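Keep the sequence and the 3D view at hand as you read.

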Amino acid sequence: RSVNTFGMETVNKRDPAGGRAVPAERERSENTKKTVIIVGASSGIGYETALRLVGRGFSVINISRTPCSMQQVKNYAADVTVGDTLEKAMADAVQAAGGLYALIYSAGCSMAAPIEYAEEKDYRYLFDVNYFGALRALRCAVPHLKKRGGRVIFVSSMGGTFPIAFDSFYSSSKAAVDMLAKAAAIELEPYHILVSSVQPGGTSTGFTFKRKIYPDEENREYAAKLKRATAALANMEQGGLSAGEVAKQVADVLCDKHPPLSVRCGGMSKFYAAVKRVLPESATQYINKKAYKQ
C-alpha cells in the first residue's frame with residue numbers, strides 16, 4: 001500500500017499478464033487522459049467520488065448549480081431543471097476536454113409528503129432532478145461515448161427497491177433510474193458503453209437536511225405517521241454509510257473491467273436485497289412498515 005498526494009491509501013493491483021503487482025503510479029498514469037463528468041459533485045457522494053477519482057488519476061469535471069471546491073476539478077454551471085443548461089454545459093465540457101470516458105450522475109433530491117396531498121409542482125421537480133436529469137445527461141453523453149466506448153454510472157438508491165414511507169416519489173424516481181440503467185445497458189453494449197447503477201442504503205450526508213418536508217397542517221391526518229417516518233429515515237441515514245464508502249464503491253465500479261449492472265452498497269443493503277428475494281411481498285412490506293414505524 002502507498003499514500004497518494006491526496007492522503008488516500010492506494011493498493012498495488014496484480015498484473016494479469018505476469019502476476020506481479022501493478023504500481024499505483026502506473027494505474028494513475030493509465031487514467032490520466034480519461035475524462036469523467038460528474039453531475040452533482042459539489043457535495044455529498046458526488047464530491048467524495050470526485051476526490052477518489054482525482055486520486056486515481058482521472059480528469060474530473062463537475063456540472064452542478066454550485067461549484068465543487070476541489071482545485072483539481074473543473075466546473076461548469078448548470079441546473080438540470082432549467083432549459084438546456086445541462087446540455088450546453090456537457091457540450092462545452094467535452095469539447096474543452098477533447099473527449100469523454102465516463103458519465104456519473106449523482107444529482108438528486110427528496111421530499112416527504114403524503115401522496116394524497118403532495119403538490120404536482122413538487123413531485124414533478126423531484127422527477128426532473130432524479131430521473132429526467134439522469135436521462136438527459138445520458139442522452140448528451142452517448143454520442144461522445146460511442147466514439148471510443150466508455151462508462152455510465154447512475155448513483156441510485158436502495159429506496160428504489162424498498163419503498164420509503166411518505167417518500168414515495170423519491171423511491172419511484174430511483175426505481176425508474178435503475179430500470180433506465182438496465183435498458184441502456186442492453187442498447188449501448190454494442191458500442192462498448194457499460195452502464196451500472198450503484199444503490200446505497202442510508203448514507204450520512206447533508207442530503208438528510210435538504211429534504212423538503214411538508215408541515216403538519218398540509219399533511220393533515222397523515223401528520224403523526226409522516227413525522228415518525230421522516231425521523232426514522234433521518235436516523236437511518238445519519239447512522240448509515242459514510243459518503244466516502246459509497247464513493248469508493250462508485251470509483252471501484254468505474255475501474256472494474258467487467259462492472260456489475262447494479263451493485264448495492266453496505267452489508268445491510270445486501271442483506272435486505274437477499275431477504276427480498278426469498279420472502280413473499282407481504283413479508284417485506286411488513287418489515288418495511290416497521291422500519292418506518294408505521
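This is a predicted model: local features need pLDDT of at least 70, side-chain atom pairs count only at pLDDT 80 or more; totals for chains, interfaces and linings use all residues.

A residue is called buried when its relative accessible area is under 20%, exposed when that area is over 50%, and partly exposed in between. Asp 167 has a relative accessible area of 1%, so it counts as buried. Keep that residue in mind, as we will come back to its partner.

Across the chain the mean pLDDT is 90, and 89% of the residues reach 70 or more. Over residues 1-11, however, the pLDDT is below 50, and this stretch has 19 contacts in the model beyond near neighbours in sequence. Residues 13-21 also stay under 50, with 14 contacts beyond four places in sequence.

Now turn to the interior. In soluble globular proteins, nonpolar side chains tend to be buried together. Here the largest nonpolar core has 50 residues, and those touching the most other members are Ile 37, Val 39, Ile 63, Met 90 and Phe 154. The element giving the most to this core is helix α4 (residues 120-148), which supplies ten residues. Apart from this core lies another one, of 27 residues, including Phe 58, Val 73, Tyr 101 and Ile 153.

What about the charged side chains? Side chains of opposite charge can pair when their charged atoms come close. The structure holds eleven salt bridges. One of them joins Glu 48 and Arg 52, at 2.8 Å from N to O. Both residues lie in helix α2 (residues 44-55), four residues apart, which is about one turn of the helix. Glu 48 is partly exposed at 21% relative accessibility, whereas Arg 52, at 19%, counts as buried.

Which residue does Asp 167 pair with? Its partner is Arg 211, with the closest N and O atoms 3.5 Å apart. Arg 211 sits in the loop between α6 (207-210) and β13 (212-213), and Asp 167 in the loop between β10 (150-155) and α5 (168-188), so the pair ties together parts that are 44 residues apart in sequence. Arg 211 has a relative accessible area of 9%, and is therefore buried.

For another setting, look at Glu 119 and Lys 121, whose closest N and O atoms are 3.5 Å apart in a salt bridge. Glu 119 is partly exposed at 35%, and Lys 121 is exposed at 57%. Finally, Arg 56, Lys 248 and Asp 252 are linked in a network of salt bridges.

Notes. Residues are numbered from 1 along each chain as its sequence is written. Side-chain values use heavy atoms; hydrogens and water are left out. A nonpolar core is a set of buried Ala, Val, Leu, Ile, Met, Phe, Trp, Tyr and Cys residues joined through side-chain atoms within 4.5 Å. Buried means under 20% relative accessible area, exposed over 50%, partly exposed in between (1.4 Å probe, protein chains only). Helices (H or I, at least four residues) and strands (E, at least two) are DSSP runs, numbered from the N terminus. pLDDT is the predictor's confidence in each residue, from 0 to 100. Contact means heavy atoms within 4.5 Å. A salt bridge is a side-chain nitrogen of Lys or Arg within 4 Å of a carboxyl oxygen of Asp or Glu.
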